Structures are given as C-alpha cells and as structure tokens.
Amino acid sequence: MTGRTRLLRILAPAIGLMLVVACTTTPPAGSPTPGATGVASPPATPVAGGEVEIFSWWTAGGEADGLNAMFGVFESEYPQYELVNAAVAGGAGTNARAVLATRLQQNDPPESWQGHAGQELIGTYVAADQLEPLNFLFEEEGWMDVMPEALIPQISHDGNIYSVPVNIHRANVMWFIPAKLTEWDVQAPTTWDEFLATAETLREAGVTPLAMGEQWTSLHLLETVLLGELGADGYAALWDGSSDWSSAEVTSALETFDQVLGYTNADSSTLSWDAAAQLVVDGEAAFTIMGDWAEGYFVSKDMDPGAGDFGWAPAPGSVGVFQWLSDSFVLPKGAGNREGALAWLRVAGSKAGQDAFNPVKGSIPARSDGDRSLYDAYLQSAMDDWARDDLAGSLTHGVVASDAWKSEIDTALGLFLGDRDVAAFQTALVDACASAGACGE
Ligand code: GAL
C-alpha cells in the first residue's frame, strides 16, 4: 500500500462525512433549486445562515448608498444570511476605528470590517494577529488575475494576503462648480502658487477660497500640499526613510500649507467632510480638496459630472500623480459567523459587487474588469488616470504610514492648527518619523 493510499484509507470516514455535509448545505447562487424538476424535495436540512455584521464608517451621501448597493447584491446571492450594518458615522473612520479597537480588545469582532490597504492593514491588524489569511479565497475566486499587481503587496505580509480590496479611491482631487468659477472669473489652479493668487481674488470677491472640515480633512490637505510641493518622488521619500523631514523643501511645503490654511473657512473644525463639500455646492466656497467619495456625495445630490454640474482637477501641483487608497474587507480570526463572513468577502471581491458599489460610492473598482459603461464621466477619467499616472499613497487613509506614526503626525498637526508655528511643526514631524523607526533615532 502506498503512503497515499494509506492516508486515503485513514481519512475515508472523515471524507465520507465531509461529502454528506457538502451535499446538504445550500447550493451556490445560480444552482438549480432542489425540487424544481418535480422530484419530491428531501426534508429541509440546516443551511448556513445567521447574522453577518459588516463594520464601516460609510454613513454620508454616496458612501452609504454604495454600501447599500453592495448589500443588495449580497442579499440576492445569499438570502440565507441577515446583514447587520454596523457603520459608525465619522469620515475617514475617526470614530469607527476607535469603536472597532475596543471591540477587538473585547474579542467581539464583527464578521468583517473595512480597513485600508497598506500600513493600516499590515501595521495594525496583521501585526496584532487579528486576521485570517485569504490566499485560498483569492485562488478559489481567481482574483490574482483581476486585482492590480501594485495592490497585492499592500495587502500582503510574509506571502499571505489579508484583505479583499473593493475599490480604488483618489485622494488628491480639487472639486468646484464650473459655472461658479466663471461667475467669479477664476480658473482651477494647477500649482499651489496659482492657488494662493486665485484665493486672494476670491477672498476680495467675498468667497471662501477653500472649504475644509474637521481635523482629519486638514491632514488630508497637508498630504496633498506635501505631494504637490515635493512631487511624487519627494513625497514617497518621506515615508521610506530616504529623505529628511528637516529639509528646506519640507520647510517650504509647510509654509505653503500654512498660507493655504489662511484661505479656509473659519468654522472648519465643526464641519464634516460632506458639510464642507456642501459649501461648494451652495456657492459659499470655491474649492474643496477631498477624496473622490466627494464625487459620490455630489452625485447623491443629483449633480451630474457629465453635464458639468461639478468639476474636478488634480490638487495643485499633482497633475499626472494619482494619490491612491483602497477600501478593503477582512476576515477576522474568531469571526462569529465565518461562513457568512466569507460570503460577504466573495461579494466584495466580485465583479457584480464592485460594479454595484463603486459607481455610487465615487470610486473605481479594484478589479481590472469593471464594466466601464456603468461609471460616469468623472469615474471614467479616474480609471484612465489610475492606469497611466504615477502613484503615491495616502497618509490620511492608511497607505504610507503606520497608525502610530500617523497619530503622532496628527497630534503635531493639531498643535500646529492652534499655534501655526511652522518650525515647531517641522521639528515634531522629524521626531515622529524617528519614533516610527523610519528615519533612524
Ligand atoms: C476614507 C474611506 C473612504 C470614505 C472616506 C470618508 O477613509 O477610505 O471610503 O469613506 O474615508 O468617510
């Protein structure tokens, strides 16, 4: 008897049992309904089911609609499960991620949560051993053939893949209403110098040049100013330790950031990102710089980018650079309903799921085979840019820095928003890089 035959003999009873179980669970979506041929159905057998809790922070116009659209796909493909939407309001996950951290500490994970590809995923959840690898699912679903090559390292550690990317968002976008710019006789600026000149004209006309919201949106603005002033290579070098945060170029970029902040709305700290975007819609502010979930927001207000209801341009200084981030879903260790969690991940990674979600969310599919005809004029332009632009990762949305590093930058930014001391800010940023271990001690 060969070793293999012996193994089969030993495993035979177990394999038999597995076959019985396999034959009595719910057939995959699209399989013929048992009994549909007129043959008497076997007695009802237990099927996989139960609650599937999905955790995110998608509650604003566009993002909530996108999530609901993907829920619709899940519900039609897996009617045996009951979805629980555990979204916690607060853009960029500022509140949600704190709630999630507490739940994880208490060993009470939802079936799946939204985590950003990059350092947020790897440096936090993978480092804390909270996730199951998903290589088997990528193989089963053929995702290695359709997910962008550039994305795989951002969701992998030691050869294991840890999340299912559902989209690609662009962070460095400046939004405006073309008719308003015509009325005010200004154009979308292409550099930060041009922005400062345009902002002065707008201020004289009594218009807020740049709408901004609560603190994370100023971190978002900071990353776009750093990108615009340092260029894609200079920006990348900040995160891989190859350049010095104390350089004259960084000083100059921070001075620009300081000047730009001088043209934002006075009530920014009290506004959410979508309330800031609404200032642009209402004609109170000329521009806002925000990721393209803002496009989902504008569309949710019945504005059509194809008809010119709103316009967009790369944030100043970043033409030809796509500052990206990716929303992705994970499989926690100890998920209460692992089968339900896997069903959700199958939908999140599927063409049907992504083509339902992204046209409404304001993002492009992570998959390369999305149906372009479902995407509006802005999103088609984002697809083209993603394919040809240089890439830079977002800080605010988890790509380039660990949570610990980002949080130290955010603390320094909070102080800077109060004292506007560029030199002290830069020193704190130098220190943050050192304590993150990225720039030496
Ligand atoms: C980002 C997230 C986006 C969008 C945005 C505003 O962090 O990746 O999907 O939700 O926050 O809430």
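A polar contact here is a pair of N or O atoms within 3.5 Å. The model is predicted, and every distance below is computed from its coordinates.

**Ligand site**

In total, 13 residues surround the ligand. The closest are Glu 63, His 116, Asp 327, Lys 361 and His 397. For His 116, an N or O atom of the side chain is 2.7 Å from an oxygen atom of the ligand, which falls within the 3.5 Å limit.

| Residue | Side-chain atom | Ligand atom | Distance |
|---|---|---|---|
| His 116 | N or O | oxygen | 2.7 Å |

The space that the ligand takes is the largest cavity.

By residue class, the shell around the ligand comprises 6 nonpolar, 4 polar and 3 charged residues. Which domains supply the shell? Domain 1 (3-168 + 329-381) and domain 2 (170-323 + 394-435) each contribute at least three residues.

**Disulfide**

A disulfide is a covalent bond between the sulfur atoms of two cysteines. The structure holds 1 disulfide. This bond joins Cys 433 to Cys 439, with an S to S distance of 1.6 Å. Why is the disulfide of Cys 433 and Cys 439 right-handed? The torsion about its S-S bond is about 60°, so the disulfide is right-handed.

How values were computed:
Residues numbered from 1 in each chain as written. Predicted model: local features only at pLDDT ≥ 70, side-chain atom pairs only at ≥ 80, totals over all residues. Heavy atoms only, no water. Near = heavy atom within 4 Å. Polar contact = N/O pair within 3.5 Å; in protein donor to acceptor, adjacent residues only side chain to side chain. 1 Å grid on protein atoms, 1.4 Å probe; cavity = no way out; pocket = protein on both sides within 12 Å on 5 of 7 lines; lining within 4 Å. Sits in = over half its atoms within 2 Å of the grid points. Nonpolar A, V, L, I, M, F, W, Y, C, P; charged D, E, K, R; others polar. Domains from an automatic or database assignment. Disulfide = S-S within 2.5 Å.
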